[in-house]
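Welcome! Please take a look at the structure below, and then let us walk through some of its features together.

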Amino acid sequence: QQQYLIIASSNMSKAPTATATATADDGELVEPPRLDHIFSVNLTLHDPIVFPSHSGTRAITRLAADKCTLKGPNGIEGKLMHGCDYINIGVDGSVHLDVHFVWEMDNGSKLYQKVQGISLREPNDPTCSVITSGSTFETMDEKYKYFNNVFLFGNGQKKGNEVTIHYYAPVPVQT
């Protein structure tokens, strides 16, 4: 018997919650992970460069670095140095995100963030969407090197050229 974990949230400003649980091979119930809020980003997008490609449509969007911030509940802060989204809009209408950020953190160090995600556009207004994503990181800074070994889940919204994404890390299950 196999069950799947389904993540859902009716309020995009809060962490997603599990609506189902999984069953291990031995039949024991596996609790869904608890998610801790790590940080949120507020982004402003420039108008995209749009052109056809063999897999659909490409939209390359730079981010307005001077208007983009990263802030977390534990004093994590950063400002965007460079960011770009290499969007692929499939022939079926699916929107896949491939975002690359370089953040300057509060101590002057650099944090590279790579995001893979999906944007579910509103049918009546494609400038608005719900975004679900995952992120990995690279840095050599002592304060932030723990990011090299975490995978963060992100969810948020895009309204026009403004995007807010909240990032969460799973809390390890204590056995």
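Keep in mind that the model is predicted.

**Strand E10 and its partners**

- On one side, E10 pairs with strand E9 (residues 77-90) in the antiparallel sense, over 9 bridges. Here Val102 of E10 is the bridge partner of His82.
- The hairpin of E9 and E10 has 4 residues between the strands, and Gly93 takes a positive phi near 95° there.
- E10 also pairs in the antiparallel sense with strand E11 (residues 110-122), again over 9 bridges. Across this pairing, Asp98 stands opposite Gln116 in E11.
- E10 and E11 form a hairpin too, with 4 residues between them, and Gly108 in its turn has a positive phi of about 90°.

**The nonpolar core**

- Which residues touch the most other members of the largest nonpolar core? They are Phe39, Val41, Leu43, Phe101, Trp103, Phe147 and Leu152, out of 29 residues in this core.
- Two or more core residues come from each of the strands E5 (34-44), E9, E10, E11, E12 (125-138) and E14 (162-171). E10 gives the most, with 6 residues.
- Leaving aside residues up to four places away in sequence, Val41 touches Thr69, Leu70, Trp103, Val163, Thr164, Ile165 and Tyr167.

**A nonpolar patch on the surface**

- Ile118, Leu120 and Val130 make a nonpolar surface patch of about 240 Å².
- Leu120 is found in strand E11. Its relative accessible area is 54%, so Leu120 counts as exposed, because the cut-off for exposed is over 50%.

**Salt bridges**

- The structure holds 4 salt bridges, and one of them joins the side chains of Lys114 and Asp98 at 3.0 Å, N to O. This pair links distant parts of the chain, with Lys114 in E11 and Asp98 in E10, 16 residues apart.
- Lys114 is partly exposed at 28% relative accessible area, and Asp98 is partly exposed at 22%.
- Asp106 and Lys143 also meet through their side chains in a salt bridge (3.0 Å, N to O). Asp106 lies in the loop between E10 and E11 and Lys143 in the loop between E12 and strand E13 (152-159), so this pair ties together parts that are 37 residues apart in sequence.
- Another salt bridge brings together the side chains of Lys145 and Glu142 (2.9 Å, N to O). Lys145 counts as partly exposed at 40% relative accessibility, whereas Glu142 counts as exposed at 58%.

Terms used
Residues numbered from 1 in each chain as written. Predicted model: local features only at pLDDT ≥ 70, side-chain atom pairs only at ≥ 80, totals over all residues. Heavy atoms only, no water. Pairing = 2+ DSSP bridges. Patch = residues over 30% accessible without salt bridge, like charges linked within 9 Å, V, L, I, M, F, W, Y side chains within 5 Å. Areas by Shrake-Rupley, 256 points an atom, 1.4 Å probe, with all protein chains shown as cover. Buried < 20%, exposed > 50% of the residue type's maximum accessible area, 1.4 Å probe, protein only. Core = buried A, V, L, I, M, F, W, Y, C linked by side-chain atoms within 4.5 Å. Contact = heavy atoms within 4.5 Å.
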